[in-house]
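Open the model in your viewer and keep the selection panel at hand. This tour goes from one selection to the next and says what is there.

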Amino acid sequence: MSHRDPIASTLEHTAEVAEESANEQHRAAEVARKAAHARRRDDWPIHGPQLTGALRLVLDLLGGSAEKLAASVGGLRRAWAAALVEQGLSTRHIGERLGVSHQRVSALLTRHRNGPTNGQG
């Protein structure tokens, strides 16, 4: 196995994204709990700047995290499919390994060959 193993590189990237996402989700949970507590005490009005800021932050953290995770999942799936096709597996067998249809495998491989678009991995 070479140092340029695309599966290993993709897994390393996936680990980094997962850790970053976990940190963002933890921060979102903290902010959401603080906002919920303030609302229960009626300290933060629904139209007030504190609640607005907290809600926007929670949405931004969770939304950004979800987007990065989805891109990472796609990148890992594409790299795995490409590595399996290099090993001579058919799209049907690759689909069985990945848990997707052979048509989805074809789409993954096309996207892998064309490279990432729209900032997605």
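Two residues are in contact when they have heavy atoms within 4.5 Å of each other. The model on screen is predicted.

Start by selecting Val31. Which residues is Val31 in contact with, leaving aside its neighbours within four places in sequence? They are Ala54, Leu57 and Val58.

Now widen the selection to Ala28, Val31, Ala35, Ala38, Trp44, Leu51, Ala54, Val58 and Leu61. These 9 residues form the largest nonpolar core. At least two residues of this core come from helix H1 (6–40), and at least two from helix H2 (49–86). Another core, of 8 residues, lies apart from it; Leu84, Ile94, Leu98 and Val105 are among its members.

Next, show H1 and H2 together. Two packed helices are described by the angle and the distance between their axes. Here the axes come within 9 Å and cross at roughly 160°. An angle over 145 degrees counts as roughly antiparallel, so H1 is roughly antiparallel to H2. The crossing of H1 past H2 is left-handed. Sorted by class, the residues of this contact are 19 nonpolar, 9 polar and 5 charged.

Then move to helix H3 (residues 91–98) and helix H4 (residues 102–114). Their axes come within 8 Å, with a crossing angle of roughly 95°. H3 and H4 are therefore roughly perpendicular to each other. To see the contact, select Thr91, Arg92, Ile94, Gly95 and Leu98 on H3, then His102, Val105, Ser106, Leu108 and Leu109 on H4. By class, this contact of H3 with H4 has 5 nonpolar, 4 polar and 1 charged residues.

Technical notes. Residues are numbered from 1 along each chain as its sequence is written. This is a predicted model: local features need pLDDT of at least 70, side-chain atom pairs count only at pLDDT 80 or more; totals for chains, interfaces and linings use all residues. Side-chain values use heavy atoms; hydrogens and water are left out. A nonpolar core is a set of buried Ala, Val, Leu, Ile, Met, Phe, Trp, Tyr and Cys residues joined through side-chain atoms within 4.5 Å. Buried means under 20% relative accessible area, exposed over 50%, partly exposed in between (1.4 Å probe, protein chains only). Helices (H or I, at least four residues) and strands (E, at least two) are DSSP runs, numbered from the N terminus. Axes are lines fitted to C-alpha atoms, for helices over the stretch in contact, and angles run from 0 to 180 degrees between N-to-C directions. Angles under 35 degrees count as roughly parallel, over 145 as roughly antiparallel, 65 to 115 as roughly perpendicular and the rest as oblique. A crossing is left-handed if the near helix is turned anticlockwise from the far one by less than a right angle, and right-handed if clockwise. Ala, Val, Leu, Ile, Met, Phe, Trp, Tyr, Cys and Pro count as nonpolar, Asp, Glu, Lys and Arg as charged, and the others, Gly among them, as polar.
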